[in-house]
Amino acid sequence: MLAVQLAALLGGDSGKAGEGAEEALALLDGFDDALVHGLARLADERAEAVAALAAAFAATPLGDRLAEAADAVVSGSITQEHLTALAGGRVALSGAVHDALLESLDTALGRERAEWPPAPDGLGTTGGAAVQPAVQPAAQPAAQSAAQSAVQPAGNVLGGVRSWLRELAITGWRGVDHDLVSAADQIVEALLAAPDLRRLAVLLDGFAAELRASCPIGSAEHLPVRRWADLWTRALLLSQDGVLTAEPRPAATVSGRLLVLGVDVHEHGTAVQFQVHAVLEPADGGRPRLLRTSVAVAKVDTIAGPALWKLTQRHKLLLAALADRRCVEITDMPLLDSGDLVWDDDHAFVSKPADPLAAARLCLSGALAPAVPPLDRVAVRIAEPVLVEGYKVTKDGSFDLGGTVLAVDAQRLPECGPLTPKLVAASSACVGLVRWDAGRWTLQPLAVQAKVKREAVVVATGDWALGPTDPKAAKAEARAADAVTVLRERAGRLLRR
Amino acid sequence: MTDRSPNGATVWARHSRLRVVPPVQPRKLAKVPFVELADGRLQGVVSSGSDIGRVYVSSIAAGSHNYNCSTNNNRPCGGLYGSPCKHLRALVAEAVVQYGADRVCRYLRVEVPEGADPADCLGGVHEPAPAAVVFSRFLRHLAYLEVPDTTLPIPELHWFPATGTVG
C-alpha cells in the first residue's frame, strides 16, 4: 500500500463509506436501538426508526413486505415472518455499505476483483446491486421452507433458533436474563451435531456467551449495540431453511504454488479459526489470485494461547508451512466460490522458503481478489491483505505514510503468536489486513520486519504453529497443553459413550 | 465488560468487531476442571481427592452467597459443616485465577477488603441446589473437545477477533 493509495482511501471524507453510506448506517443505528429495548416496548422514537428502515425500501420489490412488517411490529404483532423481513432489510442495507467500502478500498489499492457469477436462475448479480440478492434468502422464507422441508432434516433445530431469536428481539438486550440465555444451550448442542449447521452453531454460541457474561444487562452502562444487532441479524439469516446448505459452493479445483501472506486468528470461548491469506500462482500460468484457507476447531475457554495450534495437528503440512515460512505446492485442491481453498494435506507439499513480506513484495500487487458472495457482504468481513513499507510509527502506534496516518489495530494480535505491539511499533515493513469498523479504516498486522538488537527479523502471527520458539511461551504452552490432557481424561471417564 | 470500552460509549456502541467476553487465564485443571460464572452463580466441578471417578459439583449464588456442594449424584458433600467445604474454597480460588478477582467479586457481588481471600468474605448459608444442571453443563463443556475440526470457512468468526498479547 503506497502513500498515495492510503491518501486516496482516507482522503476527502476520511473513513466514510461514500455517498449514502452515512444515511444507511443511521438507519441501522435506529433499528439497532430498537433491539436494545425490545420490540415489545417500542417508544415513539424507536417505532419511527423501525418504520424508517422499512421506508428506505419503499421503491424496491421489498417495499410492501417491509412496510407491512414494520406496521405489524409497531402495533405489537411480532411474527417470525415480520422479523425475517426486517432482518432482511438490515442485511441489505449493511450489504450496500459493505459494497461501497470494498469498492473504495479496491479503487484506492488498484486491486482488481473477480465478478460474482450470475446465478443460473437469473437471481444473481454483480457489483453494487447487493441489496436484492443479499436479501433474497431472508425475504422468502415461506417459499424456501416449502421447497426445502423435504430435504432439510435440521428444520426443527432451525425453527428452534428462529423462535429463540424472536424471544430475544421482543425482550431486547436490556431484558435478557439467565433463563433466556440458557435456552440457547440445547439449540447450540443440536446445531453442533449437524456439520452443515456448524457456522450457525459457532455464531450462536459466541453470541449467547456474550449475553451470558453481560447478565444482568438491564443495568449495564454501555452495550455493543451494533455488534449484537449484527449477530442477531446474521443468526436469523443463517437460520432460514436452505441458506447454510446452499453455500458457499465449490467453484473449481486449483493447482499451483501457494505463497502465504499471513494468518488471521478468530476466537471466542468455544471456537478458534486460523485463516491463512495467500496468493496462488496457478500451475497453468494463469493470473495469480488472492485466496484464503482456514482451519476451525471447537475448544473450551480454558484452552488458549499457543496451545490452540495443538488442536489443529491433523493439518501438519499447513502448520509446517506457516512455522517454517515456506510456500506450498498444491494439486487439485477444491476452491469455493467465496475464494476459500478447502485445505487438505493430501493435496499439498511444502516447498521453498518464502517469508510473508517476500511473498507480498513478489506477488501481491497484481493478484486478482475473489468476488464476495452476496450473503457475506458485511463490513466486518472486509480483510484485504496489503504490504506497507516506508512508514514512520507515530506515538500512538499508527503508521504515518508520507503524511497520511493509518491506524494500527495492535489489540488484534493473537496470543497464540509472537507478534506484539512492541514489535509492530519497531517495524519498518508490515503485511496486514485492511479492515473497517466503527467508521474507520485500520490495519491489522499479520507479519512485520523489525530490528531487534540491531538485527533485522521477520515476525509473523503463524510463527508458533508448530509450538512456541520462545522459552517463556513454551513453558506457558506446556502448562496449557496439560489442560487438553486433563479435560480429555475427564471426558473419557465422565462422558456417556 | 464496560471497562473494556476503548474510547467510551459511542465507540463501543458502533463497533462490530470486539472481544466482549475477556479471554480467561489458563490454569491447572487437575483439581478443578470446570469453573464458570453463569446462571447467577459461580459454579463448577471439583475432582474428588480420593476417588478418580468421582467429582463434586459446587456452586455459590451471586448476591445471597448461599452455597451448595454435592456429588454429581446429588449426595451432599460430607465437608459442609455449616461452612463452605474445601471444594467450595478450591472453586473460588480457581475462579480467581481464571477470571481475575475483580470479575469474580463483581459477579458474586461481594466486598473484599484489600488483601483478603474472597472465600472468607462470603456470607451465605448452605442451600441445596440441583447439581444436575451444572454437571450437564460440564459434560457439554467436555463434549466440545469431541467436535471434529473443519476446513470449510466460518465467515461469522470475523466478528470474533483473537486478542491477547499485551506489551
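Entry one, a helix pair. Helices (H or I, at least four residues) and strands (E, at least two) are DSSP runs, numbered from the N terminus. The model is predicted, so I note that local features need pLDDT of at least 70 and side-chain atom pairs count only at pLDDT 80 or more, while totals for chains, interfaces and linings use all residues. Residues are numbered from 1 along each chain as its sequence is written, and chains are lettered from A and ligands numbered from 1 in the order in which they are written.

The axes of helix H5 (residues 80-109) and helix H11 (residues 225-238), both of chain A, come within 9 Å and cross at roughly 115 degrees; axes are lines fitted to C-alpha atoms, for helices over the stretch in contact, with angles from 0 to 180 degrees between N-to-C directions. On H5(A) I found A:Leu83, A:Thr84, A:Ala87, A:Arg90 and A:Val91 making the contact, and on H11(A) A:Thr233, A:Leu236 and A:Leu237, where contact requires C-beta atoms, placed from the backbone, to lie within 7 Å. By class I noted five nonpolar, two polar and one charged residues, with Ala, Val, Leu, Ile, Met, Phe, Trp, Tyr, Cys and Pro as nonpolar, Asp, Glu, Lys and Arg as charged, and the others, Gly among them, as polar.

Is H11(A) mostly covered or exposed? I found 14 of its 14 residues buried, a residue being buried if 20 or more other C-beta atoms lie within 10 Å of its own, exposed if 12 or fewer, and partly exposed in between.

Entry two, domains. For chain A, the automatic or database assignment gives domain 1 (21-139), domain 2 (152-246), domain 3 (250-363) and domain 4 (377-460). I looked up the contact between domains 1 and 2 of chain A, which takes 19 residues from domain 1 and 20 residues from domain 2.

The contact of the two chains takes 53 residues from chain B and 80 residues from chain A. The side of chain B that touches chain A divides into 30 nonpolar, 15 polar and eight charged residues.

A:Thr331 has its place in strand E4 (residues 326-336) of chain A, and it is partly exposed, with 14 other C-beta atoms within 10 Å.
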